[in-house]
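Please view the sequence and the structure first, then read the notes by topic.

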Amino acid sequence: MKISICSDHGGYNYKQALVEHLKENGHEIVDFGCYDTVSCDYPDYALPAAESVKDGKVQLGILICTTGIGMSIAANKVKGIRCAHCCDVETARLTRNHNDANMLAIGAMTVSVEQMYDIADTFISSVFDGGRHKRRVDKIMAIEAKYFK
């Protein structure tokens, strides 16, 4: 699978580890930065990563900052993005199953590297259940259509 990834300085080391993990598992990675631990602004990286998902250049995206919260907020400002901040495997699975999330945000301060691998792997391998969940996602998309002009 082709996956966009980015981080800010707080998530840089985790991003580097996750890139290697995902490549070892056969995924193609598009890295939108950042490229070191110098203080930077997470929206500068979340935006192009989210746009790559929106535009269909990649199938999914993963964002990493200190908490994962800022990255998820920034990504969710892009029309068509459903980014979920997840701290465990169960929420990573359920956000794909129930919300058809197309981006995952992880906090480097809130999970271990091994937990991050498990969360990302679960997110990537899970699929949307459709059915009653599609009706709900359609309602979310209608809200988006109303406010994202």
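A residue is called buried when its relative accessible area is under 20%, exposed when it is over 50%, and partly exposed in between, with a 1.4 Å probe and protein chains only. By that definition, 46% of the 149 residues of the protein chain count as buried. The model is predicted: local features need pLDDT of at least 70, side-chain atom pairs count only at pLDDT 80 or more, and totals for chains, interfaces and linings use all residues. Residues are numbered from 1 along each chain as its sequence is written, and side-chain values use heavy atoms, with hydrogens and water left out.

**Overall architecture**

- The protein chain has six helices and five strands; helices (H or I, at least four residues) and strands (E, at least two) are DSSP runs, numbered from the N terminus.
- Along the sequence, these elements follow the pattern β-α-β-α-β-α-β-α-β-α-α.
- The radius of gyration is 14 Å, close to the 15 Å that the globule rule gives for 149 residues, so the protein chain is as compact as a globular protein of that length. The radius is taken over C-alpha atoms, and the rule is 2.2 Å times the number of residues to the power 0.38.
- The C-alpha trace spans about 40 × 30 × 25 Å along its principal axes.
- Contact means heavy atoms within 4.5 Å. Among contacts between residues at least 6 apart in sequence, 71% join residues at least 24 apart.

**The sheet**

- Five strands form an open sheet with parallel pairing, in the order β2-β1-β3-β5-β4; two strands pair if DSSP finds at least two bridges between them.
- The edges are held by β2 (28–31) and β4 (83–85), each with a single partner strand, so one side of each is left without a neighbour in the sheet.
- Strands β3 and β5 pair in the parallel sense over five bridges, and glycine 61 stands opposite methionine 103 in β5.
- Helix α2 (residues 43–54) lies across β1, β3 and β5 and runs at about 170° to β1. Axes are lines fitted to C-alpha atoms, for helices over the stretch in contact, and angles run from 0 to 180 degrees between N-to-C directions.

**Nonpolar cores**

- A nonpolar core is a set of buried Ala, Val, Leu, Ile, Met, Phe, Trp, Tyr and Cys residues joined through side-chain atoms within 4.5 Å.
- Of the 24 residues in the largest core, Leu18, Ile62, Ile64, Leu104, Ile106, Met116 and Ile119 touch the most other members.
- Two or more residues of this core come from each of β1, α1, β3, β5 and α5, and α5 gives the largest share, six residues.
- A second, separate core has 20 residues, including Cys6, Cys34, Ala49 and Met103.

- The buried residues of α5 are Met116, Tyr117, Ile119, Ala120, Thr122, Phe123 and Ile124. What covers them includes β1 (2–7), α1 (12–24), β3 (60–65), α4 (89–99) and β5 (103–107).
- Leaving aside its neighbours within four places in sequence, methionine 116 is in contact with Tyr14, Ala17, Leu18, Ile64, Ile106 and Val111.
- In α1, the buried residues are Tyr12, Tyr14, Lys15, Leu18, Val19, His21 and Leu22, and their cover includes β1, β2, β3 and α5.
- Just after α1, glycine 26 takes a positive phi of about 90°.
- Isoleucine 140 lies in helix α6 (residues 132–147) and is partly exposed, with a relative accessible area of 40%.
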